[in-house]
Amino acid sequence: MRRIAACLFVARGYDGVSLDEIVQAAGGSKTNIYAFYGGKEGLFVAAIEDALTEVLRPLAGAQTEGLGLEAGLTRLGRALIDALLTPPALALHRTLVGEAGRFPRLGAAWYAAGPATSQAIFAAFLARRLAARPESEGPDVTLLARLFHDMVAGDLHHRALFEPEPAGEAERAAAVGAAVQAVRALAGPGR
């Protein structure tokens, strides 16, 4: 039900979809929606959370075992930007921006299921690759992960939200490459 609800909400906005339409398309009942989600708003937030999880699935599944710092960050960065620049992900983000002002829970859900999740994946990778240093001498992996996320996703994603064609292969590779080099420099010598 949540996947179908998310598709409807993204296509037509919160106000453009009724619970009756969701029940007709997905099955179930309005009673179940109220029992499980507390109503349309709860279903909306849950459906958007599921959709965000789906967007980040390629990043969560990116294999980095055995890869060094640069190769691993490159793989993770490409997984993130490629996922964010898909038409469904861009449509989802536009919906989030349009509805977040009315639904404060939506903003928190987006951050937890989106940027916080990808930053945690980056931080875990960085912690494994930079573990040889004593904590007092090593970089703050949480900060590095946030910087990496923002460098990879920032400009290209923001432009794609409003331009008809997302960035091509060369722009994506350049953005990820620059972010990898910046993190490598911030991580310090020998990394």
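Ser 118 touches Leu 56, Leu 59, Leu 80 and His 149, where contact means heavy atoms within 4.5 Å and residues up to four places away in sequence are not counted. The model is predicted, so local features need pLDDT of at least 70 and side-chain atom pairs count only at pLDDT 80 or more, while totals for chains, interfaces and linings use all residues. Residues are numbered from 1 along each chain as its sequence is written, and side-chain values use heavy atoms, with hydrogens and water left out.

Ser 118 belongs to helix α9, residues 115–129, helices being DSSP runs of H or I with at least four residues, numbered from the N terminus. With a relative accessible area of 1%, Ser 118 is buried (buried means under 20%, exposed over 50% and partly exposed in between, with a 1.4 Å probe and protein chains only). The side chain of Ser 118 reaches the backbone oxygen of Pro 115 at 3.2 Å, and the side chains of Ser 118 and His 149 are joined by a polar contact of 3.3 Å (a pair of N or O atoms within 3.5 Å, one able to donate a hydrogen and the other to accept it; residues adjacent in sequence count only if both atoms are side-chain atoms).

The count of salt bridges, each a side-chain nitrogen of Lys or Arg within 4 Å of a carboxyl oxygen of Asp or Glu, comes to 13, including those tabulated here.

| Salt bridge | Closest N and O atoms |
|---|---|
| Glu 54 and Arg 57 | 2.9 Å |
| Arg 78 and Asp 82 | 3.2 Å |
| Arg 159 and Glu 163 | 3.7 Å |

Arg 78 is buried at 16% relative accessibility, whereas Asp 82 is partly exposed at 29%.

Technical notes: Helices (H or I, at least four residues) and strands (E, at least two) are DSSP runs, numbered from the N terminus.
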